[in-house]
Amino acid sequence: MADWYVNGLALSALGLYLEDAGDSRSLAPAKYPLTPLYKRAGAVGGVLPEVGPRVLTLRGKLVTSANTVTARVQAEDMVKDWLANAGLLTIELRDDIAPAREIDGYVEQLTIQPFGHPLLAVAATVDCRIVCPEAYWRAPQGTLVHTPGAWLPLGTAPSTPLLRIHGPSTNPSFSVYDLANTVRASVSFTVTLTSSEYLDVDCATGVITKVSSGTRTNGISLLTSGTFPFVLDPAWGHPYRRNVAEGLTSQVRYSASDTMQLFFVRRYA
Amino acid sequence: MTLPPLFGSTLTRRARSFLHWRADRFDVNALTGQTGTFSRAGTASALDFAGTSATIVHSAPAWQMEDWDGDSSRESVALLMGGSNRLWWPMIGSLGSDNFTVYVEFVERGAVGVNSAHVLFVGKNDVTGAYFQIASNTSAYYAGFYNGTSTVTSLLGAAPSTGNRVALRATFETDGKIQLFQSINGAAETSATKSSALTFSGFGDNRLYLGSAGDFEPGTNAFLRLRVSLGLRSAAEMQATW
């Protein structure tokens, strides 16, 4: 049984009970660019697809415990206020058979149609179209991994990490491997960090920051080699299901030269 | 005739909370825009999802994975406070000129057993002038309001144990009445007796400290979420409000 939440509030608390969640279980649409071949049949396929945006179409019935026309009209206002006035929404899907996941989106269209005689219409049909700029769902909670270790527990879609390298450390490095033991992402730095310094390598913003006793400076020049920014791709790892609560995960092997913290949010396709 | 605004609003998250901070964003800045000021004089020790400890360097927030749903799996991110950790946000506007509610979720890590260990404090860094606070008297948590002359309190009847999941909700009314509520491990809230009224004429400073009283009296706990909303709000509203 799936429960839908918007900005932390169950839709059922608004009186909205979903009957159909559209493409919420589907993959976000992916499109590979194709280039026609001159005077020949066929086309050359691109390598990188354009993924998303994801569109959620939520359909359901709006009913109230009072079961009156007045209560229905008030509930309609509540639904419109909660869905349309909050700007960018966080839509969360919780159920008892898979890990909870959430995604940000905005309401593109909200259709409310009372049914029955106008004087007796105590319920309404609601049709809500939500556009999610990001293609992938994410876990509501982030994951924190301390190195040294061996495996990163990912979801089913790529995650963008923040790597925090703690001092004392000299010329630290970090690498991620695929199942063939090939390095798929790595970063190496030429720097000596004291015990009161750390280096933030933020792959979401593409910014590297050196922090010395709380003072932040640009650290991009410390990057000696590697692939920055990088993602953590579950396709490099070994998928397995440890338990129902955790769902399908992919363990990706990594190595780190020093004490580091890796922050990321598991993503789901 | 009323003309519509010139431009539609941009696509951003519009908060309905005064302040909303979540540890799981790995950021001391609030989702509602307030910049968090964090400091720690020395190193700290924190645990990751597997329970592996690491030494966290000077000035770096000590994020720690905690179990928030009672399944013995460390699935939730928390910020470990106490010791020399300090974190505060500026409260935009004059907090207290209207009723307000604070709601804080944390894993108990020992503050409740230490006299004057703080969960939350609204006031000045040197604790001069009026303030509002949630702290411990070693038997339980209490909410307190000091207006520069007198104090009123609202003391809970029970204390959480170490490792318990705690949600504290405190209400502040413009006439100075305060009340504290507590939920442990997801159970229904229990309430402390609401205090008597006490004249309010502003706090010593509009800073909100998490885990200390200004520069003093830290409390060791692992904080997951903090919300401040205007009005007297229920727990359900504070859990849902953005």
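Residues with a relative accessible area under 20% are taken as buried, those over 50% as exposed, and those in between as partly exposed. In this predicted model, Arg109(B) has a relative accessibility of 29% and therefore counts as partly exposed. Its salt-bridge partner is Glu66(B), with the closest N and O atoms 2.6 Å apart. Glu66(B) belongs to strand β5 of chain B, whereas Arg109(B) sits in the loop between β8 and β9, so that the pair, 43 residues apart, links distant parts of the chain. In contrast to the partly exposed Arg109(B), Glu66(B) is buried, at 2% relative accessible area.

A total of 22 salt bridges is found over all chains. In one of them, Arg225(B) pairs with Glu105(B) at a closest N and O separation of 2.9 Å. Because Arg225(B) lies in strand β17 and Glu105(B) in strand β8 of chain B, this contact ties together parts 120 residues apart in sequence. Both Arg225(B) and Glu105(B) are buried. A further salt bridge joins Asp205(B) and Arg207(B), at 3.6 Å from N to O; Asp205(B) is partly exposed at 29%, as is Arg207(B) at 22%. A network of salt bridges links Glu102(A), Asp104(A) and Arg138(A) with Arg22(B), Asp24(B) and Arg25(B).

Arg25(B) is also among the residues nearest the centre of the second largest pocket, together with Leu162(A), Asp202(A), Phe26(B) and Asp27(B). This pocket holds about 1,000 Å³ of space. Its lining of 38 residues comprises 18 nonpolar, 8 polar and 12 charged residues. Strands β15, β20, β21 and β26 of chain A each contribute at least two residues to the lining.

Technical notes: Residues are numbered from 1 along each chain as its sequence is written. Chains are lettered from A and ligands numbered from 1 in the order in which they are written. This is a predicted model: local features need pLDDT of at least 70, side-chain atom pairs count only at pLDDT 80 or more; totals for chains, interfaces and linings use all residues. Side-chain values use heavy atoms; hydrogens and water are left out. On a 1 Å grid over the protein atoms alone, a cavity is a set of points where a 1.4 Å probe fits but cannot get out, and a pocket is an open set with protein on both sides within 12 Å along at least five of seven lines; lining residues have an atom within 4 Å of a point. Grid points are joined across faces, edges and corners, and a volume is the space filled by probe spheres set on the points. Helices (H or I, at least four residues) and strands (E, at least two) are DSSP runs, numbered from the N terminus. Ala, Val, Leu, Ile, Met, Phe, Trp, Tyr, Cys and Pro count as nonpolar, Asp, Glu, Lys and Arg as charged, and the others, Gly among them, as polar. A salt bridge is a side-chain nitrogen of Lys or Arg within 4 Å of a carboxyl oxygen of Asp or Glu. Buried means under 20% relative accessible area, exposed over 50%, partly exposed in between (1.4 Å probe, protein chains only).
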